[in-house]
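Please look over the sequence and the 3D structure below before reading on. The notes that follow are grouped by topic.

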Amino acid sequence: MTAARDPTRASRRTAFAAVAIAGVWVAIGLATVTAVVLKNTVFGRHVFALGSNEATARLCGLPTVRLKIMIYALAGGFFGLAGLFQLSRLRQGDPTVAVGLELDIIAAVIIGGASLSGGVGTILGSMIGALIMAVLRNGSQQMGWPTYFQEIIIGLVIIAAVFVDRLRQGRRA
């Protein structure tokens with residue numbers, strides 16, 4: 001029996017495609033809900049106030065400790081859901097599967113328009129930044145560039161994004 005006619009291999013491919021598609025729809029749904037919450041609720045305004053300047057938020061009467069706990073709990077829920085999707089893709093739990101992606105994530109958020117100083121950014125911008133980073137990473141792998149060269153490219157992208165962020169902040173001041 002050839003690999004092309006193996007029914008178990010075809011069903012595994014179909015299952016993987018279904019999980020990947022479900023993951024995309026769940027990510028889009030959660031991003032939409034989170035964007036609406038951050039833009040249209042008091043909680044969202046409090047999150048941006050806390051991210052912009054914690055001391056000022058505390059002086060304005062915001063419960064900063066409780067707000068940070070709520071934000072970390074929400075983030076933990078999102079991380080747990082991402083872990084479940086990763087588990088369904090890999091079929092095993094591996095705590096080291098995303099080690100080293102921190103710079104890619106920071107670069108994606110900065111490219112998406114968030115400020116390193118805090119208090120500025122959108123969910124859509126972060127998703128667009130993540131898409132750009134995925135295209136950069138996958139494109140450099142497709143080109144066959146060595147890993148160290150890919151890291152240099154990502155580093156240059158981060159430097160450029162931070163430079164643009166500083167220019168934007170300078171114009172606001």
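This is a predicted model: local features need pLDDT of at least 70, side-chain atom pairs count only at pLDDT 80 or more; totals for chains, interfaces and linings use all residues.

In which helix does Leu81 lie? Leu81 is part of helix H4.

**Nonpolar surface patch**
- Val26, Leu30, Leu74, Phe78, Phe79, Leu81, Leu84 and Leu87 make up a nonpolar patch on the surface, and together they have about 660 Å² of accessible area.
- At least two residues of the patch come from each of helix H1 (7-40) and helix H4 (64-90).
- The most is given by H4, with 6 residues.
- Leu81 has a relative accessible area of 31%, so this residue is partly exposed.

**Salt bridges**
- Side chains of opposite charge can pair when their charged atoms come close.
- The structure has 5 salt bridges.
- One of them joins the side chains of Asp104 and Arg137 (2.8 Å, N to O).
- This pair links distant parts of the chain, with Asp104 in helix H5 and Arg137 in helix H6 (residues 123-142), 33 residues apart.
- Both Asp104 and Arg137 are buried; for Arg137 the relative accessible area is 14%.
- Arg137 also meets Glu151 in a salt bridge (3.2 Å, N to O).
- Because Glu151 lies in helix H7 and Arg137 in helix H6, this pair ties together parts that are 14 residues apart in sequence.
- Glu151 is partly exposed, at a relative accessible area of 34%.
- Asp165 and Arg168 form a further salt bridge through their side chains (3.4 Å, N to O).
- Asp165 and Arg168 are 3 residues apart in helix H7, so about one helical turn separates them.
- Asp165 is buried at 1% relative accessibility, whereas Arg168 is partly exposed at 29%.

**Helix H5**
- Asp104, Ala107, Ala108 and Ile110 are the buried residues of helix H5 (residues 102-111).
- They lie on the same side of H5, because they cover an arc of only 170° around the axis.

- The ring centres of Trp145 and Phe149 are 5.3 Å apart and their planes are at 85°, so the pair is edge-to-face.
- Trp145 is partly exposed at 34% relative accessibility, and Phe149 is partly exposed at 34%.
- Gln150 is in helix H7 (residues 147-172) and is buried, at 5% relative accessibility.
- Leaving aside residues up to four places away in sequence, Gln150 touches Arg137, Ser140, Gln141 and Trp145.

Methods:
Residues are numbered from 1 along each chain as its sequence is written. Side-chain values use heavy atoms; hydrogens and water are left out. Helices (H or I, at least four residues) and strands (E, at least two) are DSSP runs, numbered from the N terminus. Buried means under 20% relative accessible area, exposed over 50%, partly exposed in between (1.4 Å probe, protein chains only). Contact means heavy atoms within 4.5 Å. Patches are made of residues with over 30% relative accessible area and no salt bridge: like charges are joined within 9 Å, nonpolar side chains (Val, Leu, Ile, Met, Phe, Trp, Tyr) within 5 Å. Accessible areas come from the Shrake-Rupley method with a 1.4 Å probe; for residues, only the protein chains shown count as cover. A salt bridge is a side-chain nitrogen of Lys or Arg within 4 Å of a carboxyl oxygen of Asp or Glu. Rings of Phe, Tyr and Trp (its six-membered ring) pair if their centres lie within 6.5 Å; planes under 30 degrees apart count as stacked, over 60 as edge-to-face and the rest as tilted. The arc is that of the directions from the helix axis to the C-beta atoms.
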